[in-house]
Structures are given as structure tokens and as C-alpha cells.
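My plan was to go from the whole chain down to single residues.

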Amino acid sequence: MTTECTQFVFGFHPQKRREIRAQFDGGAITSDGGGLLLRRSKSVSGSSASLLPAFTDYRNPDLIEHTVEELVAQRVYGLALGYEDLNDHEELRNDPLLAVLVEKADPA
């Protein structure tokens, strides 16, 4: 007897007002879905928050696109997901999941 699976969408806990779901019809995709589980973990989010006092941001506030908190979170999540090198982040900056993980207001 064969099984018939008809569920195409899986819902996750929303972030602020943004719906997060997994579906299998293409579109903006990522291969690092395990990052959603990491986001729920206090060990990763606590790690990035505890590192913030070590940084002083001397950049011009009018020219800042990414906060220090977002940059640190991106690096911590990148390491947790297995991206050892900073040059990996050149490609990761276009990954919609990483934008969700670091809580960017606009993932684009």
C-alpha cells in the first residue's frame, strides 16, 4: 500500500509580523533550514548578544545598513551552520533564511 502525502506547506513560529513556512514549490529557497531550530536555541542567540559589549561602532550612523548586532549574529549563525570563512558570507547575504535568523526587518 502506497502512502499519499498531500501536505505541501509546513508552518514555523513567526518572527515579528513575518510568516515563516516551508514549502516545496521553489521561489526564494535555502538549504540551511536547520537554522530555524538554531534560532530557537538560547545558546546561539545568547552567544551573539553576549559578544556585543566587545564592539564599539565608529561608523557614521547615517551610512549604516547593517547594525553591529546583525553582523555579529550573522557570523555566529554562519559558524553554527558550518560556514568557517568570512568569504562565505558574501553569498550568504542573499540567503533569505539568514536574514530571518538575524532578524532583519527587510530580508532583501
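I looked up burial first: buried residues make up 24% of the 108 residues in the protein chain. Buried means under 20% relative accessible area, exposed means over 50%, and partly exposed lies in between, with a 1.4 Å probe and protein chains only. This is a predicted model, where local features need pLDDT of at least 70, side-chain atom pairs count only at pLDDT 80 or more, and totals for chains, interfaces and linings use all residues. Residues are numbered from 1 along each chain as its sequence is written, and side-chain values use heavy atoms, with hydrogens and water left out.

Next I checked the surface. The accessible surface of the protein chain comes to about 8300 Å², by the Shrake-Rupley method with a 1.4 Å probe. Carbon and sulfur atoms hold 55% of that surface.

Then I listed the elements. I found five helices and two strands in the protein chain. Helices (H or I, at least four residues) and strands (E, at least two) are DSSP runs, numbered from the N terminus. Along the sequence the pattern reads β-β-α-α-α-α-α.

I turned to contacts, meaning heavy atoms within 4.5 Å. Of those between residues at least 6 apart in sequence, 56% join residues at least 24 apart.

Helix H3 (residues 68-80) came next. Its 13 residues should span 18 Å at 1.5 Å a residue, and its end C-alpha atoms are 18 Å apart, so the two agree. The expected span is 1.5 Å times one less than the number of residues. I noted the buried residues of H3: Glu70, Val72, Ala73, Gln74, Val76, Tyr77 and Gly78.

Gly82 sits in the loop between H3 and H4 and counts as exposed, at 53% relative accessibility. From Gly82 to Asp32 I read 9.9 Å, C-alpha to C-alpha, across 50 residues of sequence.

Asp32 turned up again at Asp95. Asp95 touches Thr30 and Asp32, not counting residues up to four places away in sequence. The loop between helix H4 (88-92) and helix H5 (96-101) holds Asp95. Asp95 is buried yet has no salt bridge, which would be a side-chain nitrogen of Lys or Arg within 4 Å of a carboxyl oxygen of Asp or Glu. The nearest side chain of opposite charge is Arg18, 11 Å away; Lys and Arg count as positive, Asp and Glu as negative, and His and the chain ends are not counted.

Last, I looked up Pro14, in the loop between strand S1 (9-11) and strand S2 (21-23). Pro14 is partly exposed, at a relative accessible area of 41%.
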